[in-house]
Amino acid sequence: MFTVVSKFTVANNMTKEVKDAFMNRPHLVDKASGFVRLDVLSPRDTSDEIWLITYWKNEDSFNAWHRSHAFKESHRLMPKGLKLVTQNTKIRYFDHVAT
């Protein structure tokens with residue numbers, strides 16, 4: 001299994017709107033070939049920070065999703081005017097070793 005962890009910090013007091021958008025998301029990624037699951041987390045001590053953890057059957061499945069129209073569409077649905085703290089945005093790739 002292949003795992004992608006994305007971390008970002010909301011910069012402009014729109015954290016509630018962003019969290020609401022994830023709770024009401026259209027689940028476009030759920031239909032992607034090779035997709036396993038998505039977890040959306042926010043640390044209690046840094047509530048403006050959002051962590052996305054996606055699990056994939058393999059890296060090729062993730063790359064196909066990342067290039068897809070559905071990926072672009074899913075990001076278009078985020079709240080208008082959203083700004084991120086650029087230096088806090090990170091994406092890391094992991095090999096899933098064990099559960």
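Start at isoleucine 50. Leaving aside residues up to four places away in sequence, Ile50 touches Ser6, Lys7, Phe8, Val10, Val18, Lys19, Phe22, Val40, Leu41 and Ser42. The model shown here is predicted.

Several of those names return in the core. The largest nonpolar core has 18 residues. Ile50 is among the members that touch the most others, together with Phe8, Val18, Phe22 and Trp56. At least two core residues come from each of β1 (2-9), α1 (15-23), β2 (35-41), β3 (49-56) and α2 (59-66). In soluble globular proteins, nonpolar side chains tend to be buried together.

Now follow α2. Its buried residues are Ser61, Phe62 and Trp65. They span an arc of only 100° around the axis, so they sit on the same side of α2. What do the buried residues of α2 pack against? Their partners are β1, β3, α3 (69-76) and β4 (90-95). The N-terminal end of α2 has a cap, asparagine 58. A side-chain oxygen of asparagine 58 lies 3.2 Å from the backbone nitrogen of aspartate 60.

Next comes the empty space. Rolling a probe the size of a water molecule over the atoms shows where such space is left. The largest pocket has a volume of about 660 Å³. Its lining counts 29 residues. Which of them lie nearest the centre of the pocket? They are Phe22, Leu52, Phe71, Ser74 and His75. β1, α1, β3, α2, α3 and β4 each give at least two residues to the lining. The largest share, four residues, comes from β1.

Finally, look at two loops. Asparagine 13 is found in the loop between β1 and α1. Its phi is near 55°, a positive value in a residue other than glycine. Is asparagine 13 buried or exposed? Its relative accessible area is 74%, so asparagine 13 counts as exposed. Histidine 27 belongs to the loop between α1 and β2. Histidine 27 is not a glycine either, yet its phi is positive, at about 65°. With a relative accessibility of 34%, histidine 27 is partly exposed. Partly exposed covers the range between the buried limit, under 20%, and the exposed limit, over 50%.

Note on methods: Residues numbered from 1 in each chain as written. Predicted model: local features only at pLDDT ≥ 70, side-chain atom pairs only at ≥ 80, totals over all residues. Heavy atoms only, no water. Core = buried A, V, L, I, M, F, W, Y, C linked by side-chain atoms within 4.5 Å. Buried < 20%, exposed > 50% of the residue type's maximum accessible area, 1.4 Å probe, protein only. Contact = heavy atoms within 4.5 Å. Arc of directions from axis to C-beta. Polar contact = N/O pair within 3.5 Å; in protein donor to acceptor, adjacent residues only side chain to side chain. 1 Å grid on protein atoms, 1.4 Å probe; cavity = no way out; pocket = protein on both sides within 12 Å on 5 of 7 lines; lining within 4 Å. Points joined across faces, edges and corners; volume = space filled by probe spheres on them.
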